[in-house]
Amino acid sequence: MRTQRPDIPEDGNPRRQFLKGCAAAGAAVAAGAVSTTAEARETYQRPPEALGLLYDATLCIGCKACVAACKRANDNPAEFSTADKLWDTPLDTSGYTFNIIKMYRSGTMTTKDDETNGYAFMKTSCMHCADPSCVSACPVTAMVKDPTTGIVAYDPQACVGCRYCVVACPFGIPKYQYDSPTGKIGKCELCRHRHKDGHYSACAEVCPTGATLYGRTSDLLSEAKRRLALQPGSVTTYPRGNLSGGADQSYEGYVGNYKQHVYGETEYGGTQVLKLSAVDFEKVGMPYLSPKSSASTSETIQHTLYGGLLMPFAVLGAMTYVAKRNVHHEDDAPADEPGKE
Ligand code: SF4
Ligand code: SF4
Ligand code: SF4
């Protein structure tokens with residue numbers, strides 16, 4: 001009669017046990033490595049001269065001049081969502097639309113910037129994160145953060161089309177040109193190609209109300225906090241254009257009923273594009289994000305596992321151990337194995 005080999009469990013074959021063993025050993029080693037050696041790296045901060053935008057939704061009239069200006073500045077084609085195809089009508093950002101104004105709607109939509117029975121606008125474009133996960137995820141440095149301006153730039157020559165940046169961005173910003181055989185990633189680069197000609201972000205240049213304002217992020221943050229400190233309904237002076245370049249012009253307007261929160265001041269470790277709104281940020285499509293960037297966490301884990309080839313050696317060791325345990329020499333065969341004594 002054939003007996004069960006003592007080292008082979010009754011409920012499984014050796015191969016399955018081998019694979020299970022490898023997985024368990026590898027996981028245990030990896031978990032141990034992370035828990036004992038991982039120390040999260042700091043979330044990177046904005047550079048002191050970081051450039052960005054302040055979008056104030058209470059000043060936005062939804063004219064979409066910024067959407068058209070962005071298209072022109074980046075030489076992007078129109079995208080149609082209506083049958084007549086008369087106007088550029090993108091419904092979201094895409095490989096050819098880097099800036100869009102979305103609308104929040106509630107009930108009768110009677111009052112602007114009211115959460116109930118109101119409506120509001122929100123700009124969607126790259127936030128130029130202080131510690132961008134698109135840069136961290138890119139395996140070929142096609143996404144790069146400028147050390148001086150902090151602008152997150154894209155290099156189509158370096159890009160291999162893996163789309164890791166698309167998956168990594170918490171704001172859903174980088175988009176791939178799926179319709180092109182030589183597709184690239186499309187996203188706002190703060191119009192950096194226009195700076196050498198004395199221009200700044202086209203969306204801010206064209207905005208008639210100053211709802212999109214360009215400048216150093218530190219100046220924009222001060223301006224945002226000044227607005228939050230004002231009495232709602234009082235009159236104040238709003239700058240337009242380039243805040244750090246002396247603002248092209250200004251005008252008097254009523255102060256909105258702001259949420260006391262500058263979105264982007266701390267979210268995700270801070271962003272260079274800041275936002276003000278009278279409607280809850282999550283309701284207008286801005287995700288809740290902790291002050292810690294996910295790039296700092298994921299890079300800590302990667303560097304812990306792969307630093308000094310710890311992970312490959314650990315897994316190789318675990319596999320060797322389990323393999324040896326499951327390999328049996330002929331001498332070890334049970335006495336009642338067919339052909340053996
Ligand atoms: S918003 Fe997304 S694409 Fe822009 S810098 Fe941050 S992670 Fe990168
Ligand atoms: S800065 Fe330039 S690329 Fe970015 S949203 Fe504005 S116009 Fe578009
Ligand atoms: S141009 Fe200014 S006011 Fe018009 S939609 Fe854009 S941000 Fe709003």
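In this predicted model, an open sheet is formed by three strands in the order β9-β1-β12, with mixed pairing; helices (H or I, at least four residues) and strands (E, at least two) are DSSP runs numbered from the N terminus, and two strands pair if DSSP finds at least two bridges between them. The edges of the sheet are β9 (212-216) and β12 (273-276), each of which pairs on one side only. On average, and with direction ignored, neighbouring strands of this sheet are turned by 20° against each other, where axes are lines fitted to C-alpha atoms, for helices over the stretch in contact, and angles run from 0 to 180 degrees between N-to-C directions.

Strand β1 (residues 51-56) and β9 run antiparallel and are joined by five bridges. Within this pair, Tyr 55 stands opposite Thr 212 in β9, while Gly 52 stands opposite Gly 215 in β9. Helix α6 (residues 217-229) packs on the sheet, where it touches β1, β9 and β12, contact meaning heavy atoms within 4.5 Å; the direction of α6 makes about 130° with that of β9. Because four of the five residues of β9 are buried, this strand is largely enclosed by the rest of the structure (buried means under 20% relative accessible area, exposed over 50%, and partly exposed in between, with a 1.4 Å probe and protein chains only).

Two ligand surroundings were examined, a residue being near a molecule or strand if one of its heavy atoms lies within 4 Å of it. Around ligand 1 are found Cys 126, Met 127, His 128, Cys 129, Pro 132, Ser 133, Cys 134, Val 152, Cys 169, Phe 171, Pro 174 and Lys 187, a shell of nine nonpolar, two polar and one charged residues. In this classification, Ala, Val, Leu, Ile, Met, Phe, Trp, Tyr, Cys and Pro count as nonpolar, Asp, Glu, Lys and Arg as charged, and the others, Gly among them, as polar. Ligand 3 is surrounded by 14 residues, of which Cys 60, Cys 63, Lys 64, Cys 66 and Cys 207 are the closest; this shell divides into 10 nonpolar, three polar and one charged.

The protein chain has a mean pLDDT (the predictor's confidence in each residue, from 0 to 100) of 85, and 76% of its residues reach 70 or more. Over residues 25-36 the pLDDT is below 50, and this stretch has 11 contacts in the model beyond near neighbours in sequence.

Residues are numbered from 1 along each chain as its sequence is written, and chains are lettered from A and ligands numbered from 1 in the order in which they are written. Local features need pLDDT of at least 70 and side-chain atom pairs count only at pLDDT 80 or more, whereas totals for chains, interfaces and linings use all residues, and side-chain values use heavy atoms, with hydrogens and water left out.
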